[in-house]
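Work through the exercises below with the sequence and the model at hand. Each task is followed by a stepwise solution.

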Amino acid sequence: MAGPPSCTVGVVLALLLPSTFPFAAVADGGFSRAPAPTAPSFAVVGYLPEWRFGWEPDRWGSVSAHLSHLILFSLEVTASGGLSALDRFPSPAQLRLAQEARQKVGTRLLVCLGGNGRSGGFGPAVGKKKTRRKLAENLALFCEQHGLDGVDFNWEYPDQASEWKGLFHLLADTRAAFERHRMAASGASAEDTRRTPVVITMAYYPDGQQER
C-alpha cells in the first residue's frame, strides 16, 4: 500500500497515554458525525498546517486513511480567552472536503491552539478563572459549530508553576465545557455524557530535549 504524501503531514506514532506532543493536550469532544472508531492500542496523529489546506480532494482522503487523528494547525489564544488567527482555519469548501474524507474512515478531526511563536496568549488566558473558562467555552462552541472532535493544546511553553497550574485547570474546564455541549446537543443525561470517552492526553519535555 502506498503511503500518504511525504512532506505534507508530520505523522507522529504515539501511545494513547501519553501522547508525544510537546506540551500538548488533546481533548476529544465527539461533536462530529464521523463513525466511532474502535479503541486502538496506539494512535497515528498528524498535524496539518494552514499552508497545506489547498489540496485536491483525493489527497484529503489519502491522508485521512493513514491517520487516527488529523489536527488542523493552528489557531491562537487571546489574553481575554478568545480565539484568533481564524483565517488559518480551512475555508468552508476545504473543511467540507476534509469532513467527507475523514468520515469514510472514522478519522478524528481536531483543531490546534498554539505552536511555536503562536502561544503568547496562553499565560494571560489561563491565569484567571473567568478568562480560562471563557476560553474553554469558546473552544467547545467552535468545535460544535465546525463538526470537530476536539482540540489540541500546543502551548510552547509554560515556564512558571502558575502557568502549569493554569494549564491543568484549562484541561479540566475544557472537558467540562465539551460535556455540557454534548449533553445539550444529544439530550443525554449528565451520567450518560460522562460515560462517553473524552480523551485528554498530554506529554511534556521540561529539559527541552525535543528541540535539539
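## Exercise 1: a cavity and its lining

Strand β4 (residues 69–77) contributes the most to the lining of the second largest cavity, with 4 residues. The model is predicted, so local features need pLDDT of at least 70 and side-chain atom pairs count only at pLDDT 80 or more, while totals for chains, interfaces and linings use all residues. Residues are numbered from 1 along each chain as its sequence is written, and side-chain values use heavy atoms, with hydrogens and water left out.

Task: describe the second largest cavity by volume and lining.

Solution. 
- Step 1. On a 1 Å grid over the protein atoms alone, a cavity is a set of points where a 1.4 Å probe fits but cannot get out, and lining residues have an atom within 4 Å of a point. Grid points are joined across faces, edges and corners, and a volume is the space filled by probe spheres set on the points. Strands (E, at least two residues) and helices (H or I, at least four) are DSSP runs numbered from the N terminus.
- Step 2. By class, the lining residues are 7 nonpolar, 1 polar and 1 charged. Here Ala, Val, Leu, Ile, Met, Phe, Trp, Tyr, Cys and Pro count as nonpolar, Asp, Glu, Lys and Arg as charged, and the others, Gly among them, as polar.

## Exercise 2: the surroundings of a lining residue

Task: is valine 111 buried or exposed, and which residues does valine 111 touch?

Solution. 
- Step 1. Valine 111 sits in strand β6 (residues 108–114).
- Step 2. Valine 111 counts as buried because its relative accessibility is 1%. The classes are buried under 20% relative accessible area, exposed over 50%, and partly exposed in between (1.4 Å probe, protein chains only).
- Step 3. Leaving out residues up to four places away in sequence, valine 111 touches Ile71, Leu72, Leu75, Phe89, Phe142, Cys143, Leu148, Gly150, Val151 and Asp152. Contact means heavy atoms within 4.5 Å.

## Exercise 3: salt bridges

Task: locate the partners of the salt bridges made by glutamate 76, glutamate 137 and glutamate 179.

Solution. 
- Step 1. A salt bridge is a side-chain nitrogen of Lys or Arg within 4 Å of a carboxyl oxygen of Asp or Glu. The whole structure holds 8 of them.
- Step 2. Glutamate 76 pairs with arginine 88, the closest N and O atoms being 2.8 Å apart. Glutamate 76 lies in strand β4 and arginine 88 in the loop between β5 and α2 (92–105), so the pair ties together parts 12 residues apart in sequence. Glutamate 76 is buried at 18% relative accessibility, and arginine 88 is buried at 18%.
- Step 3. Glutamate 137 pairs with arginine 180, with the closest N and O atoms 3.2 Å apart. This pair links distant parts of the chain, helix α4 and helix α5 (residues 161–186), 43 residues apart.
- Step 4. Glutamate 179 pairs with arginine 175 at 3.3 Å between the closest N and O atoms. Both lie in helix α5, and because they are 4 residues apart, about one helical turn separates them.

Note on methods: 1 Å grid on protein atoms, 1.4 Å probe; cavity = no way out; pocket = protein on both sides within 12 Å on 5 of 7 lines; lining within 4 Å.
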